[in-house]
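Thanks for asking me to look this one over. Here are my notes, with the structure first and the numbered points after it.

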Amino acid sequence: MKKLDPTVKKETAYAALWVLALSLLMEAVFLLLRRWSPAVLGGNAVGAAVAIGNYLLIGITVARAVGSPADRVAMRVRASMTGRLLGSAAICALAVGLLHTNVYATVIPLLFPRIGIAFRPMIDRKRGRTAEDPEGSDLLD
Amino acid sequence: MVELAMGIMLGLCGVGAGIALIAGIGPGIGEGQAVAAACEAIGRQPEAKSDVTSTMIMGCAIAETTGLYGLIIGILLIFVAPGIFSGVLKETVLALK
């Protein structure tokens, strides 16, 4: 098995941190609304795993695409995107349909990495990172 | 009559979920073009590989959010909407009786 690119590892760890933090927040919201149940926890676990796995696969696809011919890259990324989307849909549908996890707790974590990315410029600015020195997330350094 | 309405409603929920998943096509094409352009950029400036890869991963994740919105709408249409709509339908029928 090929070793993971350090940039991919760093980015996935950053996304995983955000997914974890926002998952805890979501559980707290369910508790406050008195809607918490094991189904919520199960749904959150499945959704978080799918979100992190999806992000990791994006990173692997992009890292592998580097150095390949441009026309082949475009096709490979398109195929990867379709596969990941259908895989995510299948896993979420199976979790909700067979394991009876909470629907909302299953699908909401899919958007957590996006929220993490939205906050990224703010965090980088706080840590003194600029557009001229964007070395990726150094939260885990 | 109620059974027919229920069947039409369930069918339309399935069709709606299918249409929602079409949202996954656009981001795929966009991502492909963006990554291809990034590969050309790395070819011109190999020393910027780490920066370009990092930016590309984030860019792909952002582009993919559109597809995920469609996926979420599709899942909600399949698992949540039928329950809500059938409840509304039953209440309407009971109110009419």
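1. A definition to begin with: an angle under 35 degrees counts as roughly parallel, over 145 as roughly antiparallel, 65 to 115 as roughly perpendicular, and the rest as oblique. The angles run from 0 to 180 degrees between N-to-C directions, and the axes are lines fitted to C-alpha atoms, for helices over the stretch in contact. Helices (H or I, at least four residues) and strands (E, at least two) are DSSP runs numbered from the N terminus.

2. Please keep in mind that this is a predicted model, in which local features need pLDDT of at least 70 and side-chain atom pairs count only at pLDDT 80 or more, while totals for chains, interfaces and linings use all residues. Residues are numbered from 1 along each chain as its sequence is written, and chains are lettered from A and ligands numbered from 1 in the order in which they are written.

3. How confident is the predictor? The model scores ipTM 0.82 and pTM 0.85. Residue by residue, confidence is given as pLDDT, from 0 to 100. Chain A has an average pLDDT of 87, with 89% of the residues at 70 or above; within chain A, α5(A) has the lowest mean, 87, and α4(A) the highest, 95. Chain B averages 88, and 100% of its residues score at least 70. Helix α2 (residues 25-44) of chain B is lowest there, at a mean of 85, and helix α1 (residues 2-21) of chain B is highest, at 90.

4. Chain B has 4 helices and 0 strands, in the order α-α-α-α along the sequence. Its C-alpha atoms fill a box of roughly 75 × 15 × 15 Å along the principal axes.

5. Now to chain A, where helix α1 (residues 6-32) packs against helix α2 (residues 38-65) at an angle of about 160°, with the axes 10 Å apart. These two helices, α1(A) and α2(A), are therefore roughly antiparallel. Residues are in contact if their C-beta atoms, placed from the backbone, lie within 7 Å. Among those meeting here are A:Val19, A:Met26 and A:Phe30 from α1(A), and A:Ile52, A:Tyr55 and A:Leu56 from α2(A). The contact of α1(A) with α2(A) holds 14 nonpolar, 4 polar and 2 charged residues. For these classes, Ala, Val, Leu, Ile, Met, Phe, Trp, Tyr, Cys and Pro count as nonpolar, Asp, Glu, Lys and Arg as charged, and the others, Gly among them, as polar.

6. How do α2(A) and α3(A) cross? Their axes come within 10 Å and cross at roughly 170°, so α2(A) and α3(A) are roughly antiparallel to each other. The residues that meet include A:Val46, A:Val50 and A:Leu57 in α2(A) and A:Val77, A:Arg84 and A:Ile91 in α3(A). By class, this contact of α2(A) with α3(A) has 9 nonpolar, 5 polar and 2 charged residues.

7. Between the chains, 36 residues of chain A are in contact with 35 residues of chain B. On the chain A side, α3(A) gives the most, with 14 residues. The residues of the side of chain A that touches chain B divide into 25 nonpolar, 6 polar and 5 charged.

8. α3(A) and helix α3 (residues 49-79) of chain B pack at an angle of about 30°, their axes 11 Å apart, which makes α3(A) roughly parallel to α3(B). Residues that meet include A:Leu85 and A:Cys92 in α3(A) and B:Leu71 and B:Phe79 in α3(B). The contact of α3(A) with α3(B) divides into 9 nonpolar, 3 polar and 1 charged.

Conventions
pLDDT is the predictor's confidence in each residue, from 0 to 100. Two residues are in contact if their C-beta atoms, placed from the backbone, lie within 7 Å.
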